[in-house]
Structure formats: C-alpha cells, structure tokens
Amino acid sequence: MENFKKLLDGIKGIGLGNALRTIIYTNRKKKADKAYWSVVNKQGSELRIPGKLSDVKVIENGARASFQNEIELEIVFLKKDMVRTTWTPGNLPVQYAVIKDDWSDVDVKVEQVDDSWVVSSDELKLQIHPCGSVSYFEGKKLIRQENPPRLEGKAWTQTAELESETKIFGMGEQANRLDLRGNSFELWNTDPGGSYKFQEGPLYMPLPVYYCSNSNRGHMVFHENTFKGKLSFKEEIEVNFIGGALRTYFIKGEIKKVIGKLTELTGRSPLPPLWALGFHQSKWGYKNEGDIRRIAKGYLDNDLPISVIHMDIDYMEGFRVFTIDSERYPDLKSLTADMEEQGIKLITILDPAVKVDKDYPIYQEGIENSYFCTTPEGQTFKGLVWPGWAAFPDFTNPKTREWWKGKYSALLDEGISGIWHDMNEPASFVSDGDSTLPLSTLHNLEGKKGNHAEAHNVYGMNMNRAGYEAMRELRPDRRPWLLTRSGWVGVQRYAWHWTADIESSWDALKMTVSGLLNLGISGISFSGSDIGGFSGKADTELFIRWFQLAAFTPFFRNHASCQTPDSEPWEYGQIAVDIIREVLRVRERLLPYIYTCSWQASEFGFPLMRPMFWDQDDGNLSEIEDSFFFGDHLLVAPVLEEGQKERDVYFPEGAWIDFYDGSVYEGDREYIVKIQIDKIPVFVRSGAVIPVKENSSRILRLYAAEGTRGSTTSYIYSDSGDGYGASMVEEITVEQNEGHININRMAKGEYYPQE
Ligand code: GLC
C-alpha cells in the first residue's frame with residue numbers, strides 16, 4: 001500500500017508522460033552501467049599494496065617516497081600544520097575545489113630514523129613506515145594513524161584508526177545526528193526523489209570533508225577526489241574511490257582554526273546582498289503573476305515582513321530553461337518592478353537540463369556547438385527531467401560554461417534578483433536505481449576528458465560557477481545571489497545551499513539542526529531548510545517550531561512541494577500568523593548582526609551556525625546536538641519535540657542573558673528552561689554588543705550580566721547592503737570587572753551608517 005502511494009505521488013510529481021518514459025530511461029541506463037562495469041572489470045582488479053619502501057627523495061616543501069610495487073606517496077607541507085599527501089598511480093584531480101597554490105615556504109625536514117622516514121615541520125611530523133603506513137604526530141603525541149592503502153584495479157582504499165573517543169563531524173549534507181561516527185557514507189550526489197528522512201542517503205551534496213574531534217588531537221581531513229566513493233566511520237575510518245589518485249589534505253587544530261584553513265584552500269562565501277538574509281517565501285505550484293501578487297499581498301496585509309518570493313518551475317514555457325511563459329507572466333518586468341517597490345525581490349529556479357526540441361534555440365545551439373554531455377558512442381546524451389527528454393550541458397567544459405553564462409540575461413534583464421539552481425546532481429528521473437546519468441557518459445573535464453564517474457560530483461559545482469560568473473559580469477555593481485541543491489567542496493564560493501526535499505516530521509526538524517551544523521563544518525557557511533518540511537504537511541505546532549528555528553539559520557525560506565497544501569503562514573490560523581509575525585520581526589531586528597556573521601563567513605570561512613564546541617572543545621560540548629551558536633554571541637536552543645514544555649540547556653563558560661526577558665544564566669552548567677509556544681529559547685553572551693535594527697536605526701545593544709568578569713570582543717560590519725562600495729568594521733571590546741564596565745571601540749573603513 002505504501003509503495004503504491006509512493007508510486008502515485010511519483011506520478012503526480014513528474015507527470016504521467018514522464019513516469020512512463022522513466023521505464024525506457026531506466027532500462028537504457030541499466031544497460032549502459034552494466035557495459036561500463038564490464039569494461040572496468042576487464043581492465044583488471046589486481047590488488048596492489050605499496051610493498052616495501054624503496055626510496056625517499058626530498059622535493060620542494062616535502063618528500064616523495066617510492067615503494068616496491070610501483071606505488072608512490074608524495075608529501076607536501078602547505079603550512080606548518082597543513083599537509084597534502086598523494087598516493088599514485090591515478091589521475092590527479094582536476095582543480096575544482098582548490099583555489100590556492102601559492103603557499104609560503106615551510107621549513108620542512110626529511111630524515112631517516114631507523115627503517116622509517118620522517119617528514120616534518122615545526123608543528124607536525126609524518127612518519128612513513130617501511131610498509132607504507134603513515135603516522136601523524138604533534139611532538140610525541142600521535143594524532144592520526146593511516147594504514148598502507150590498497151589499489152584494486154583503479155580504486156584506492158585506505159583505512160585509518162578511529163580511536164574510541166573520537167567524534168566525526170562534517171561530510172557535507174547528511175540526514176543524520178551531529179556526531180557521524182558509526183555510519184558509512186556514499187560520496188555520490190543524489191536526488192532522493194521528492195522526499196527523504198532520517199539516515200537516508202546519499203543526498204544532494206555529501207562532501208569528502210570531516211573533522212575528527214578528540215580532546216587535543218583535533219584535525220580536518222579533505223579527500224580531493226571527485227570520483228564516486230565511500231567514507232565510513234565504523235570500527236575504523238575507511239575511504240574508497242573508484243578512480244583517481246588518493247589525495248588528502250590534513251589540517252591540524254581546533255575547529256575554528258581548521259575551518260579557516262580549509263576555506264583558505266577551497267575558498268569562502270562572498271558577502272551576500274543584505275536582502276538575501278531576509279525572509280523568503282516559496283511554494284512549488286505558484287502558477288502565474290496572479291499567484292505572486294496574491295502572496296505578496298498576503299504578507300503585506302498580515303503585516304508580515306518579507307524580502308523575497310521564489311518562482312518555481314511553472315514560470316517557464318514547457319519547462320524550457322531561460323524562457324518565460326508569456327501567458328502566465330505577460331509582463332515580468334513590470335511585476336519585478338512592482339514587487340521591488342514593495343521591497344520584495346523575485347528569484348527564479350533554473351534546472352540544468354535542456355528540453356530536446358529542435359525548434360528551441362538553446363537546444364539547437366547546444367547541439368551545433370557540442371555543448372552537451374555525450375554517450376561513449378558520441379551521441380548527445382538524453383535523460384529525463386521536467387520537460388521530458390532533455391540534454392545536459394557539460395558544465396565541466398569551459399566553452400559550455402561561457403555559452404551558458406550568456407543566457408542568464410534572459411532572467412536578469414526582467415529584473416530577477418537571484419537564481420535558484422535545482423536538479424544539478426544532475427538528476428534524471430528513473431523508476432528505480434540511481435537517478436542520474438550513466439557512469440560512461442562523457443565529459444570534457446577542462447580538456448582532460450573523462451566520464452561521469454569522475455565528473456558527476458562536480459557537475460552542480462560547475463553550473464554554479466557559470467551562474468556566479470554570469471551574475472558578476474552581467475550585473476557588475478550588484479552582488480550575485482545563487483542557491484544550489486548540489487555541489488562539491490568549494491561550491492560555497494558561488495552559492496548557498498538548502499537541504500531540499502526533506503520530509504515534514506519532528507525527526508526531520510531535529511536532523512535539520514545537526515545537518516546544517518555539519519554543512520558549516522564542511523565549509524558551507526550559508527545553508528537552510530524548507531520551513532515545515534518539503535514533502536507532507538506540517539501541523540501548526542511543527543510549522544511554528546520550524547519557522548522559529550529557521551529564523552536562526554542563514555537561509556530563511558518557507559517552501560513546500562506541489563503536493564503539499566498551501567503553506568503560507570495564514571493557512572495555519574491567526575495564532576500562527578501572530579507568532580510568525582514576531583519571528584519575522586526578530587529576524588529583521590537582528591539583520592545587522594546576521595550581516596556581520598555573513599562578513600565573518602566571507603573573511604574567515606566561519607559558518608553562521610556553529611556547534612557548541614566552537615569556542616571550547618572539552619568533549620562534553622561536542623555531545624550537544626540540540627543547541628548551537630548563531631554567530632559569535634547568540635546561543636539558540638530550539639524546540640525540537642512535539643508538545644515540549646521545558647528543555648535542558650547547557651550554558652558554556654561565562655554568563656548568558658535571555659534574549660527576550662533578560663534573565664541571567666550562569667555558564668558551565670545546565671538549566672531546565674520553560675518553553676512557550678511563541679518563541680524558542682535564545683540567549684546572548686554577557687559582554688556582547690549586538691547591532692540591531694530598530695525603527696530603521698541601527699542600535700548597539702550591550703548585554704552585561706551583573707557579576708560577570710572578563711573581556712568579550714564583538715564585531716560589527718556595515719556597508720550599503722549591496723555592491724562593492726565602502727565598508728566599515730568596528731571592533732568593540734567590553735571588559736567587565738567588579739561592577740565596572742570598560743568599553744573600547746576601534747573602527748576600520750570609510751562607511752558611515754546613516755541613522
Ligand atoms: C525539486 C526541488 C524542489 C522544487 C521541485 C520543483 O524537488 O528540490 O525544491 O520545488 O524540484 O522544481
């Protein structure tokens with residue numbers, strides 16, 4: 001019965017025609033994948049281990065070790081506490097994630113110690129044992145122990161020790177707990193098909209990045225390999241990729257420091273336009289201009305602050321990308337102008353797949369210039385998405401990206417403010433199995449050439465690269481804003497991410513907290529979730545609780561499936577509207593603070609949502625997964641259980657002040673806090689200065705609890721909210737001591753807020 005319902009929902013979602021076509025496509029894909037694996041298997045699956053260490057050569061900033069079985073390990077220090085190891089044979093990765101290669105020189109020593117070799121900086125020592133295992137030391141302290149890797153055909157596998165007290169965080173997008181230990185994750189961007197729940201995976205954007213937290217042995221690991229792979233954290237850590245060299249970055253240190261370095265390597269999120277931090281309303285099913293105007297009016301009539309409305313796939317002509325249906329939107333330019341007058345921006349969705357239609361210029365151009373992915377036989381590959389049969393632009397081809405970039409003017413010229421990239425895993429509908437392109441599909445990979453097994457995970461990333469560059473070039477005075485469903489390490493340079501088709505349930509609300517925190521730890525500073533869940537209808541309580549949580553997440557959007565009944569706030573009754581109005585007002589009030597957090601993301605790579613062990617990793621704080629910091633000074637303790645009347649809140653050191661009623665909580669201990677329906681518990685660090693917007697003025701609020709001691713630094717970033725003009729950073733230090741408060745302010749920059 002449940003399967004039948006799933007089938008019916010599937011047909012409703014993609015249409016009957018497409019549902020029938022999936023049978024044809026699924027068969028085709030299965031055959032292609034079978035052929036692919038038979039070629040791979042014919043190439044041999046001989047198992048190789050490094051064998052005995054035979055030679056070590058000194059190279060710039062490191063060493064190259066050769067082993068008996070024609071296997072090599074290259075070790076290069078990028079910083080004293082950051083090292084890159086590369087096991088070959090295998091193709092080196094096409095440089096999509098890494099943006100920096102001019103690291104300053106590190107003083108590296110290479111020496112033989114008994115029968116092993118030691119490659120070291122002042123801070124980190126790698127010992128290569130004669131069998132190919134590698135130990136990482138800080139002084140005498142062992143931080144990581146890797147076993148000799150194995151090469152089977154072209155697939156590398158390596159294990160490393162997982163000590164009993166180590167916790168694992170990161171891994172990009174996961175529907176899981178905060179500590180990921182005990183799980184196994186596929187590294188393959190995947191559309192789960194309209195809905196997913198707790199521990200379902202892989203999802204749209206798993207990433208081969210994780211942080212091992214273990215008293216003072218913390219370190220970050222990034223495997224720079226785009227091939228289909230797997231990472232598991234069960235009895236030991238095991239990583240596997242079906243192709244490519246086994247290249248790994250290791251960064252030693254506590255969480256804040258390693259995120260800073262990871263994002264120095266892979267890039268940081270640019271500062272967004274201020275409006276993007278406001279509230280976004282969306283729903284798959286808004287059909288025409290009338291719907292958009294009705295929604296805007298609903299928000300204004302109910303006195304609900306709103307910043308953005310999203311237009312899902314129905315604005316297009318027959319789901320042809322870069323077109324606008326002229327019956328549904330006879331004058332989009334006037335619509336965007338009218339909305340702008342009311343303070344509302346419009347965003348359009350954009351999928352990668354191009355409808356197969358010989359009368360459609362984008363399809364024709366793509367065919368004529370070979371911009372699309374091809375089958376191994378050289379035919380244009382055809383998959384299945386909303387418009388039916390569709391071709392897939394090969395975004396790993398620089399020429400395709402250049403062509404695609406030019407197309408965004410069709411939307412931007414109409415006054416569209418930002419773009420929402422969807423279905424870019426890439427997704428192609430199947431009746432069962434993996435909903436994407438066959439592994440043998442051919443890609444350009446920046447001229448290197450390769451197949452989908454290698455290019456799949458970076459497909460979405462490169463669509464975002466094209467989109468971001470398009471917005472920079474077509475609208476040079478304004479900051480780009482893009483949202484993406486899929487991506488790879490480094491996608492934060494181009495777009496924000498959201499957790500897409502999450503089911504509507506309390507479990508989903510819980511995993512949203514851990515999921516967004518783990519994304520932040522993976523370098524994705526800006527993310528969010530569909531308020532209320534995407535699939536299924538939230539009841540009023542769940543909807544309100546989700547809304548309250550989302551106000552303290554970077555991307556704040558209400559969105560749901562076309563099969564979910566209308567879900568604007570007023571659909572949940574007057575009480576919900578009144579509560580949500582307050583939530584929206586709090587978000588508005590906090591915008592100067594959230595903007596400052598966004599600046600920190602762009603400067604330091606810090607996520608806006610940070611785990612409780614952000615300032616102090618004492619082992620206990622990393623156990624907490626139902627609270628988090630939002631920026632430097634807010635501690636958010638969301639309500640994640642149905643009917644909850646009270647909850648435990650653990651306060652880290654210092655003192656904490658209730659954001660709403662000013663009551664004070666001592667740090668380093670747990671309290672039971674009473675809960676009301678109209679708000680979730682939020683606390684401010686004593687000593688903090690929070691910039692807020694009140695009656696269109698910027699006000700600095702100082703939070704100081706009696707009896708607190710010590711010094712707290714707050715930053716405030718301000719500029720005009722968009723573009724690339726003047727800015728100002730204020731650094732305010734508050735010293736509290738025996739009833740005295742000393743305030744010190746330093747400012748850098750030329751921007752003076754008007755108030
Ligand atoms: C996908 C997206 C969802 C969107 C729908 C229709 O399911 O994840 O957000 O509404 O496609 O475009």
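Which strand gives the largest share of the lining of the largest cavity? Strand S10, residues 141-146, supplies that share, with 4 residues.

## Overall build

This is a predicted model. Its secondary structure comes to 12 helices and 45 strands. Along the principal axes, the C-alpha atoms fill a box of roughly 75 × 75 × 55 Å.

The chain has 755 residues, and a compact globule of that length would have a radius of gyration near 27 Å. The protein has 26 Å, so the value agrees with the globule rule.

## Ligand site

For Asp-312, a polar side-chain atom lies 2.6 Å from a ligand oxygen. For Asp-422, the corresponding distance is 3.0 Å. His-559 places a side-chain N or O atom 2.9 Å from an oxygen atom of the ligand. Cover is given by area: on its own the ligand has 300 Å² of accessible area, and the protein covers 98% of it.

## Second largest pocket

The second largest pocket has a volume of about 790 Å³. Its lining counts 33 residues. Closest to the centre are Tyr-36, Val-40, Gln-43, Lys-154 and Ile-242.

Several elements give two or more residues to this lining: helix H2 (16-42), strand S11 (150-152), strand S12 (155-161), strand S28 (450-451) and helix H9 (452-474). H2 provides the largest share, 7 residues. The lining of this pocket divides into 14 nonpolar, 12 polar and 7 charged residues.

Rolling a probe the size of a water molecule over the atoms shows where empty space is left. A search of the whole structure finds 5 cavities of 30 Å³ or more. The largest cavity has a volume of about 130 Å³.

The lining of the largest cavity is made of 13 residues. Ile-143, Arg-144, Glu-161, Glu-163 and His-219 lie nearest its centre. The class count for this lining is 5 nonpolar, 4 polar and 4 charged.

## Backbone details

Two cis peptide bonds can be located in loops. The bond from Thr-88 to Pro-89 is cis, with omega near 20°. Pro-89 sits in the loop between strand S5 (82-88) and strand S6 (109-113). Glu-425 and Pro-426 are also joined by a cis peptide bond, with omega about 0°. Pro-426 belongs to the loop between strand S26 (418-421) and strand S27 (442-443).

Phe-322 has a positive phi, near 65°, although it is a residue other than glycine. The loop that holds Phe-322 runs between strand S21 (308-311) and helix H5 (332-341).

Conventions:
Residues numbered from 1 in each chain as written. Predicted model: local features only at pLDDT ≥ 70, side-chain atom pairs only at ≥ 80, totals over all residues. Heavy atoms only, no water. Polar contact = N/O pair within 3.5 Å; in protein donor to acceptor, adjacent residues only side chain to side chain. Areas by Shrake-Rupley, 256 points an atom, 1.4 Å probe, with all protein chains shown as cover. 1 Å grid on protein atoms, 1.4 Å probe; cavity = no way out; pocket = protein on both sides within 12 Å on 5 of 7 lines; lining within 4 Å. Points joined across faces, edges and corners; volume = space filled by probe spheres on them. Nonpolar A, V, L, I, M, F, W, Y, C, P; charged D, E, K, R; others polar. Rg over C-alpha atoms; globule rule 2.2 N^0.38 Å.
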